[in-house]
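Dear colleague,

Please find below the structure that I am handing over to you.

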Amino acid sequence: MKTRENYLECQKYWMDESRKAVDADDRVMGMLCLRNLVELSDKWDALHNHNKENDEPWSSIEAPEVKPEQMVLFHTAVENLIKFLTAGNATFTIESEKTQKYYTYKITRKESNEYNKPGEFIYFCSVMSGGADQYSYMAVFDPETFGLRFTAKSKFNMESPAVKAILYFFNGLREGKIQEHLKVYHAGRCGKCGRELTDPESIELGLGPICRQGGLDA
Ligand SMILES: [Zn+2]
């Protein structure tokens, strides 16, 4: 289980990285990340405790009236769900059973840029905003802490409903569970290559037969 200590460790990592940055742009970006992280860690306890007390942090907020093309309910273990989310091209929807409000997100994976090391991945999380296949970039997703890191390009923050909703989902995953009253769907497509899923096992896992073994279906 990830705790605030893990999160602070992550914060320290970014502090070190921003100090090491030689390029001026990198340094500015590092400082922006740091500022966001400090802000985040201050809110961490409040958010975490809030979620413990109220199982529906987003019950009072308005979710966009944007319906994804297809919604296939996940019936799988949390570890499979995490594999799907980090596969590289995962489109998924979370829905509140209580309010029937939902958000659709996309987590894409890029290999190595200036903020991570070669062979490591960076994950970008977006939310569907203006209709099918229109996504707004939210933040960088950290699969180690199940946290979000806001970068300069993001127009979202901790108060954004779409951010609160996904962090509620992530808080559950961090504890090895899917939150009560929360339904998770994939879009009927492989979380890695985006191909349509046809056989029952692929539909269950959200990954095609070759992709789930580390290859690529396409
Ligand atoms: Zn695939």
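H181 lies in the loop between α4 and β7. In this predicted model, its phi is positive, at about 65°, although H181 is not a glycine. Q100 sits in the loop between β2 and β3. Q100 is exposed, since 9 other C-beta atoms lie within 10 Å.

Overall organisation

The protein contains 5 helices and 7 strands. Along the sequence they follow the pattern α-α-β-α-β-β-β-β-β-α-β-α. Of the 218 residues in the protein, 31% are buried. When contacts between residues at least 6 apart in sequence are considered, 51% of them join residues at least 24 apart.

Confidence

The mean pLDDT of the protein is 78, with 65% of the residues reaching 70 or more. By element, α3 has the highest confidence, at 96, while helix α2 (residues 24-53) has the lowest, at a mean of 51. The pLDDT is below 50 over residues 47-55, a stretch with 9 contacts in the model beyond near neighbours in sequence. Where pLDDT is low, predicted coordinates should not be read in detail. I would ask you to keep this in mind when you view α2, in view of its mean of 51.

Strand pairing

Strand β2 (residues 89-96) is mostly covered, with 7 of its 8 residues buried. β2 pairs with two strands, β3 and β7. With strand β3 (residues 102-111) the pairing is antiparallel and extends over 7 bridges; within it, E95 has Y102 as its bridge partner. These two strands form a hairpin with 5 residues between them, and the positive phi of Q100, about 60°, falls in the turn. With strand β7 (residues 182-186), β2 also runs antiparallel, and here 5 bridges join the two. In this pairing F92 stands opposite H186.

A further set of pairings involves β4, β5 and β6. β4 and β5 are antiparallel over 6 bridges, and V127 has S136 in β5 as its bridge partner. β5 is in turn joined to strand β6 (residues 147-149) by 3 bridges, again in the antiparallel sense. D142 is placed opposite G147 of β6. β5 and β6 form a hairpin with 4 residues between them, and F146 in the turn has a positive phi of about 55°.

The buried residues are A162, V163, A165, I166, L167, Y168, F169, F170, N171 and G172. Just after the helix, G176 takes a positive phi of about 75°.

The largest nonpolar core comprises 37 residues, and those with the most contacts inside it are Y103, C125, L148 and I166. At least two residues of this core are supplied by each of α3 (78-85), β2, β3, β4 (121-128), β5 (135-142) and α4. The largest share, 8 residues, comes from α4. I166, one of the buried residues of α4, touches Y103 and Y105, leaving aside residues up to four places away in sequence. Y103 is, like I166, among the residues with the most contacts inside the core.

With kind regards

Key. Residues numbered from 1 in each chain as written. Predicted model: local features only at pLDDT ≥ 70, side-chain atom pairs only at ≥ 80, totals over all residues. Buried ≥ 20, exposed ≤ 12 C-beta atoms within 10 Å, placed from the backbone. Contact = placed C-beta atoms within 7 Å. Pairing = 2+ DSSP bridges. Core = buried A, V, L, I, M, F, W, Y, C linked by C-beta atoms within 7 Å. pLDDT = per-residue confidence, 0-100.
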